[in-house]
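Student: I have a model open here and would like to talk through a couple of spots in it. Can we start with the inside and then move on to a single residue?

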Amino acid sequence: MSLTKATYSMIDGAPINLVDYGVVGDGVADDTAAIQAAVDALGALGQGRLVGPSGASYKITDTIDFTILGNTHNWYELDFAGAEFTWYGPDTGANPMFYFYANKAVKVKNFTLFANDTAAISATTKGIFINSLQPDGADLLVFSDFRIRYANICIDLGSVGVDQNRVSDCRFEHFLLEGSTVGVQTNSTNCDSLVFINGQLSGCATGFNFVRAGFNTINTCIGYACDPFIRVAGPIGPLTVINTQSEEGGLTNPAFFYRKIYDNAELGSVTFVGCNIDNKIWLDYDAGIGSDTQILNIVGGYFREMAVDAPDSIINLVGTVQTSGYTMVLSGTNTKCYNVGSRIEGTLTDTVQAYRPMVSYRGTGIIAFPGQTVPATASPGDTYYDSGTNKLYCWNGSSWNALF
C-alpha cells in the first residue's frame, strides 16, 4: 500500500502555498513559473490566501501578473513572509516585476523587490505597476511591510494614454523605497484616495512625483536625499501631507515640495499639517503654459524657505513657524499670503504686496514690502509698509490701520 503525501492545497480552506507549486527559493533557480502558477490557482478559488516559506529568495525573469485576482469583491491576501524577489528579466519598461490590473480587493505584504542590475536604474525597470482601465473598475489594493530597491520607478500608478487609465483606493504602509529615479509616480487622469503611511524614501532622485492625482494623503513619511521629496506637475487636489519631513543627505538646497504650475483653469490644493520642513517649498510658474489658482496651506510645524512665483496663488500660514536665517519670497500677480498666528523669524520679501497678517504673531524676522507710500487705491485686506513709521498698515475698507 502506497501513501500519498498531503499538500497544503489538499486541506479544505488552507491557503495556497508556494511550496506546493515548486518554488525553490534559493535565488538561483528561476521561480517565475511556479510563483505565477500559485497566483493563478489563488485566483481560480475566487478568494483566499497565498503564503510562502519564510525568508526565501526568488529569482524572477518575467512579470508576476496579479490580474487574475481582479474583478471580485472577495478578499485575497498574499503573504510572502519576507521573501526577496530579484529581477533578472528584460529592462524595457513594459515588464514590471509585479503587475496589477483592475484589482478589487487584494492585500500584499512582507516582500522585497530588487532590481539585480543596479546599473540599469537609469533605464526603465519598474517595481509595482498598478493599471486600471475604465470602466473595468477601480482598484482596492493594500501593500504593507515591503521594500523596493533600485527599480527605475518603484511604484507606478496608471498611465496617460488614449483610454485615460484610472487608479483609486490604494494604500501603501510600512515601506521603504530606495535608490530609484522615482519612488512613487502617478500618471493616470485621476488617482483618487491614495494613502502612503509610515514610509521612507531614500536616495530617490524624486520621491513622490504626482503628474496627475486626486485625493491623496502622505502620512508620517520621511524622505532622505530626495530632490524634490514631493513634486507636482499637473492637476492635483487635494493633497494632504501629515507629520512628514525630509532630510538633505548631502544634497545642495533640495526641495521638500516643488509645484510646477500648468494646465489652465485647473485648481490645486495642498495642505501640510504638523510637518517639519527643512527644505524649500517652491511654487513655480511657466509663463508659456498658463496660470492656475493654487492653494497652499501650512498648519503647525515649521518651514524654512519658500519661493512663490505663481500667479493667483493663495498661501495660508496657520500656527506655523518660519525659522530664522531663511527667506520667504512672495511674487506672482495676485498672490496672497494670509498669516494667522504664525511666527515669521526669517526674512520675508514681498514684491507684490501679498502678505496679509491677520491676528498674526510676526516674530522677530525682517519683512520687506515694496510699498513705502500710501497706495492710491486699495481693497480690504491690502497692506503697505511705511518706512517712516516702520509700521505695516492694512486697509479695512474705510481706513488704514497699523498692524504692527
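Student: Which residues line the largest cavity?
Tutor: Bearing in mind that this is a predicted model, the lining of the largest cavity is made up of Phe 257, Arg 259, Gly 268, Val 270, Leu 283, Gln 294, Ile 295 and Leu 296.

Student: What is the volume of that one, and how many cavities of 30 Å³ or more are there?
Tutor: The search of the whole structure turns up 1 cavity of 30 Å³ or more, and the volume of the largest cavity is about 40 Å³.

Student: And which strand gives the most to the lining?
Tutor: That is strand 25, which contributes 3 residues, while strand 21 (255–261), strand 22 (268–273) and strand 25 (294–299) each provide at least two.

Student: How do the lining residues divide into nonpolar, polar and charged?
Tutor: The lining of the largest cavity has 5 nonpolar residues, 2 polar ones and 1 charged one.

Student: Changing topic: where does Thr 335 lie?
Tutor: Thr 335 sits in the loop that runs between strand 30 (327–331) and strand 31 (336–340).

Student: Is it buried or exposed there?
Tutor: Thr 335 is buried, because its relative accessible area is 1%, which falls under the 20% cut-off.

Student: What does its side chain reach?
Tutor: The Thr 335 side chain reaches the backbone oxygen of Gly 332, at 2.9 Å.

Student: And leaving aside neighbours within four places in sequence, which residues is Thr 335 in contact with?
Tutor: With those neighbours set aside, Thr 335 is in contact with Val 308, Ala 310, Pro 311, Asp 312 and Ser 313, and also with Val 352 and Ala 354.

Definitions and conventions
Residues are numbered from 1 along each chain as its sequence is written. This is a predicted model: local features need pLDDT of at least 70, side-chain atom pairs count only at pLDDT 80 or more; totals for chains, interfaces and linings use all residues. Side-chain values use heavy atoms; hydrogens and water are left out. Helices (H or I, at least four residues) and strands (E, at least two) are DSSP runs, numbered from the N terminus. Buried means under 20% relative accessible area, exposed over 50%, partly exposed in between (1.4 Å probe, protein chains only). A polar contact is a pair of N or O atoms within 3.5 Å; within protein, one must be able to donate a hydrogen and the other to accept it, and residues adjacent in sequence count only if both atoms are side-chain atoms. Contact means heavy atoms within 4.5 Å. On a 1 Å grid over the protein atoms alone, a cavity is a set of points where a 1.4 Å probe fits but cannot get out, and a pocket is an open set with protein on both sides within 12 Å along at least five of seven lines; lining residues have an atom within 4 Å of a point. Grid points are joined across faces, edges and corners, and a volume is the space filled by probe spheres set on the points. Ala, Val, Leu, Ile, Met, Phe, Trp, Tyr, Cys and Pro count as nonpolar, Asp, Glu, Lys and Arg as charged, and the others, Gly among them, as polar.
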